[in-house]
Amino acid sequence: MAVPLLEVDDLTVRFRTDAGWMTAVDRVSLAVGEGEALGIVGESGSGKSVTALSILRLHAAATTRMPTGKILYGGKDLLTLPTREMRQIRGGEIAMIFQDPMSSLNPVLTIADQIGESLRLHQGVDHVTARKRAIELLDLVRIPDAARRVDEYPHRLSGGMRQRVMIAIAIACRPKLLIADEPTTALDVTIQAQILDLLRDLQRELGMSVILITHDMGVIAEFARRVMVMYAGRVVETAPVGQMFRRPVHPYTEGLLTAIPKLDVDVRRLPTIAGSIPDPTVVIPGCRYSPRCPQVQESCRRDSPALLPAGPEREARCPPRVAAMAKETVA
Amino acid sequence: MSAALKTDAADAPIIRVRDLVKEFNVTRGRGGPPAILRAVNHISFDIRPGTTLGLVGESGSGKSTTGRLLVGLIPATSGEISLFGETITGADGEAALAKVRSKLQFVFQDPHGSLNPRMRVGDCIAEPIDIAGGWSRKDRADRVSELLETVGLPRAVAERFPHEFSGGQRQRIGIARALALRPDFVVCDEPVSALDVSMQAQIINLLLDLQERLGLSYLFIAHDLAVVRSIATDVVVMYAGALVEQAPKRVLYSAPKHPYTQALLDAVPRPDPDRVRSAALGGEVPSILNPLPGCAFAARCPHVMDVCRQDRPAPRPTGEGHVVACHLY
């Protein structure tokens, strides 16, 4: 990657809870190149969505401590950018779509109004032009009969169509980066396939970079080129997608991949990961996965592991595994 | 189909569903004309003792409605349901249901919404026991401990409250409650779809272990085809209220016949970056409010013929317990 479009450096986000401050995202770094599709995968509480929301500074100020670290975009640090400039970037250069297309749309405004809103805000176009552009955008996201649909209200649309409208709003200003947070999780399987096809086509046609956040390894395999696995607020592994599936380095990635129910083979019993996802308010010393890790060593419970290089374009937060891999390569 | 099934007494179905229909009356908008929504449209299947019937389908396919009908939570519009030889539909349905009710249980999708937050875990689990009545204090407490152990939770959790537990643990509590009165048949409606992957496998394995130990039969409702493969013995695929295909698990996943089942299986993203999925199936699930004549899948079907738009295909046996509702066969 020559010059990344977006670079997150050492981002830490903390929230205030009844039980005190909790660290939702712990020193996360990532980079997205131009036109690249980065996948972030993790379970509940892994910090994947919080990382994404931080990029656009969408956290409620009252319960969030000022995030530390840097989020570099176009030579500027988004974390310290004045609010007015941030507004220009949000929805203009970096857009976001969410899991639930119903609650993301305003039920009392027509589709034309909602797509037009971002065009009017960011590009200052008038109502007539905005409506015309809205129809073009609905065409682009393959909503049939766009000229009629544009004047409808969200409740008239199915879940899949609503997500298409969300995508139309997101790409209205031709953003350079689209952040998609579980964009297909609420959709049926056949509709999910349609939306993934659409996102891939748009990414190619518009040359956008995409950060796709999901809990579904299948979606990652289909969509992403590079993947980042998160667990309990930390990055545990980054790798080109093919390599991660063929040979996961971190025991958590490995456990997750084997625990997925298999569609193409019969297994008598699924391998499981022991224990539960940790309570985010409880501090786990050493490696956060150590209480569940089948290969845990004494040092894992004591020392906080660093994210180590594990081959070209790969990193993993598991010193014993990385050391074992290095030995193999030498031998 | 029945010819393909063995007829030994031990293998005779405990659940028999024939031509089941459920309609709901709905009004569209204020003062709009009343309409009839047919959520379940003439479906038939059997469940044999100790087996799991997986019921898959997308939103609005009628799978959850079928589950609720089967345990008598809602009355059927027409058709027949017999449970353990008692016909719970028709004129004497209520009395028949009362006879078998204690053999039926339900595990819900949402482990957060299905446990009363103000009740201790032990009381949540003992609720069916309290409703049934006639248990001594000690028997009740012993049973709760036993149930917690059965689902892999320490006895001490009986004194705690549901909010102290993770989703996976809460689902264990929900399962313990379902087992309280030693049911024979449990409807599991999307029991793992709200759980993280690392928790899903644990709960699926627990359900499999319980089936082996207690000889339970399940109706396992899910939209996730991989999850269903990991637990079901036979699978029924529903689309827009209709049964489109039914087969033993291995047959359904390796040689699906109905074009919808084929498309559904193809659409699931696999954790395999080398796999190339076919282009997504176009269109959307049709409204069941004003169904067109013919096959519900006709509008999206890549193999559609003229007859498909006129006649509804009836489910036809094609051998080895395989049933397909499609004019191609």
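Helix α4 (residues 111-123) of chain A has 13 residues, which at 1.5 Å a residue should span 18 Å, and its end C-alpha atoms are 18 Å apart, so the two agree. The expected span is 1.5 Å times one less than the number of residues. This is a predicted model, in which local features need pLDDT of at least 70, side-chain atom pairs count only at pLDDT 80 or more, and totals for chains, interfaces and linings use all residues. Residues are numbered from 1 along each chain as its sequence is written, while chains are lettered from A and ligands numbered from 1 in the order in which they are written.

**Confidence**
- pLDDT is the predictor's confidence in each residue, from 0 to 100.
- Chain A has a mean pLDDT of 93, with 99% of its residues at 70 or more.
- For chain B the mean pLDDT is 92, and 96% of its residues reach 70 or more.
- Residues 1-7 of chain B have pLDDT below 50.
- Where pLDDT is low, the predicted coordinates should not be read in detail.
- The complex receives an ipTM of 0.90 and a pTM of 0.92 from the predictor.

**Contact between the chains**
- Chain A gives 39 residues to the contact and chain B gives 35 residues, with contact meaning C-beta atoms, placed from the backbone, within 7 Å.
- On the side of chain A that touches chain B, α8(A) gives the most, with 7 residues.

Conventions: Contact = placed C-beta atoms within 7 Å. Helix = DSSP H or I, 4+ residues; strand = E, 2+ residues; numbered from the N terminus.
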